[in-house]
Amino acid sequence: MIKWNAVFTRLMKLMDIPGDTYYSGPRFMRTIRQFNEDLMNYGDFMEFRKSTGKSTTRSYYFKDLLMELDEGTRVRTVCAFLDEIETVEGMASPVSEIRKLLGGGTLAPHANVPAEVWNGDRLNQYLASIDAAIAQPNYERAVGLSYTCLEGFLGAFLRAKEKRESYPNEILDLSKEVKDILKRSLSEFPDEVLNGVTQAAYAVDRSRNRFSEAHFANEAASWLATYIRDLVNTQIRLLLHFM
């Protein structure tokens with residue numbers, strides 16, 4: 001989970017520093033508009049705030065504009081601000097701390113997630129953390145988060161479908177049992193679709209291990225991390241329909 005109050009407080013401190021890191025209202029809104037094309041111009045926005053009784057203090061409407069974005073877009077927007085601020089001398093360290101907060105902290109290598117809390121919102125929270133890791137860039141962490149996300153969901157799916165005393169702990173064993181459940185209940189589905197569950201788990205598992213064993217060039221690491229993120233997203237969104 002990203003602690004957005006902490007992220008915004010630290011970001012605002014940098015935006016308040018006189019000089020190249022200072023963000024006036026118009027400058028802030030120019031960046032926001034890259035991610036929200038429907039945003040009105042600065043003058044109209046200020047009039048709207050006044051007419052609706054909302055504060056026109058920078059920190060208040062800066063935060064409101066950010067929090068109105070969905071979480072994935074919010075992550076990318078904050079990263080756009082950080083990319084600009086980072087170019088200013090002496091800003092690398094505070095920017096790095098904010099990027100770490102965007103990563104959502106350290107998640108356990110084996111997720112143990114109750115089935116009832118797995119839904120589209122939880123998936124979006126994971127995806128936002130993975131996006132933040134890719135933006136940092138920390139591709140190994142992005143793949144690790146993808147592994148945790150898929151493993152946690154497969155375990156939750158299995159517990160939701162079968163009540164028993166013990167379950168597998170490894171992602172590959174979990175994926176095989178989930179596929180077997182689907183084959184028994186969804187016999188009309190093509191085998192190629194259901195086989196995708198185990199194939200995705202294998203790809204995620206091997207990718208995580210490869211990051212531990214080898215040093216990728218940045219370009220290769222970037223596309224692999226992005227591909228694994230999209231693969232996990234696709235598989236979980238499919239399985240959510242049958243949970």
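The exercises below go through a predicted model of one protein chain, each with a worked solution.

Residues are numbered from 1 along each chain as its sequence is written. In this predicted model, local features need pLDDT of at least 70 and side-chain atom pairs count only at pLDDT 80 or more, while totals for chains, interfaces and linings use all residues; side-chain values use heavy atoms, with hydrogens and water left out.

**Exercise 1. The whole chain**

Task: State how many helices and strands the protein chain has, and what its C-alpha trace spans.

Solution. Start with the definition: helices (H or I, at least four residues) and strands (E, at least two) are DSSP runs, numbered from the N terminus. On this basis the protein chain has 11 helices and zero strands. Its pattern along the sequence is α-α-α-α-α-α-α-α-α-α-α. Next, the C-alpha trace spans about 60 × 45 × 30 Å along its principal axes. For burial, the cut-offs are under 20% relative accessible area for buried, over 50% for exposed, and in between for partly exposed (1.4 Å probe, protein chains only). Of the 243 residues in the protein chain, 44% are buried. Last, take contact to mean heavy atoms within 4.5 Å. Among contacts between residues at least 6 apart in sequence, 66% join residues at least 24 apart.

**Exercise 2. Helix H8**

Task: Compare the reach of helix H8 with its expected span, and say how many of its residues are buried.

Solution. Helix H8 covers residues 139–161, which is 23 residues. The expected span of a helix is 1.5 Å times one less than its number of residues. From its first C-alpha to its last, H8 reaches 33 Å, close to the expected 33 Å. As for cover, 17 of the 23 residues of H8 are buried.

Ser 146 is found in H8 and has a relative accessible area of 0%, so Ser 146 is buried. Not counting residues up to four places away in sequence, Ser 146 touches Ile 130, Val 204, Ile 228, Arg 229 and Val 232. Ala 160 also lies in H8, but with a relative accessible area of 34% Ala 160 is partly exposed. The C-alpha atoms of Ala 160 and Met 243 are separated by 7.0 Å, and these residues are 83 residues apart along the chain.

**Exercise 3. Helices H5 and H6**

Task: Describe how H5 and H6 are placed relative to each other, and which residues make the contact.

Solution. Two packed helices are described by the angle between their axes and the distance between the axes. Axes are lines fitted to C-alpha atoms, for helices over the stretch in contact, and angles run from 0 to 180 degrees between N-to-C directions. The axes of H5 (residues 71–85) and H6 (residues 92–102) come within 10 Å and cross at roughly 165°. The classes are: under 35 degrees roughly parallel, over 145 roughly antiparallel, 65 to 115 roughly perpendicular, and the rest oblique. H5 and H6 are therefore roughly antiparallel to each other. The contact is made by Val 78, Cys 79, Leu 82, Asp 83 and Ile 85 of H5 and by Val 95, Ile 98, Arg 99 and Leu 102 of H6. To sort them, count Ala, Val, Leu, Ile, Met, Phe, Trp, Tyr, Cys and Pro as nonpolar, Asp, Glu, Lys and Arg as charged, and the others, Gly among them, as polar. The contact of H5 with H6 then has seven nonpolar, no polar and two charged residues.

**Exercise 4. Helices H1 and H4**

Task: Classify the packing of H1 and H4, then locate Ser 59.

Solution. H1 (residues 4–15) and H4 (residues 58–67) pack at an angle of about 130°, with axes 11 Å apart. H1 and H4 are therefore oblique to each other. From H1 the contact uses Trp 4, Asn 5, Phe 8, Leu 11, Met 12 and Met 15, and from H4 it uses Arg 58, Ser 59, Phe 62, Lys 63, Leu 66 and Met 67. By class, this contact of H1 with H4 has eight nonpolar, two polar and two charged residues. Ser 59 lies in H4 and is partly exposed, with a relative accessible area of 26%. Leaving aside neighbours within four places in sequence, Ser 59 is in contact with Phe 8 and Met 12.

**Exercise 5. Ser 175**

Task: Decide whether Ser 175 is buried or exposed, and name its contacts.

Solution. Ser 175 is in helix H9 (residues 171–185). At 1% relative accessibility, Ser 175 counts as buried. Apart from neighbours within four places in sequence, Ser 175 is in contact with Leu 154, Val 197, Thr 198 and Ala 201. The C-alpha atoms of Ser 175 and Ala 201 are separated by 6.4 Å, with the two residues 26 residues apart along the chain.
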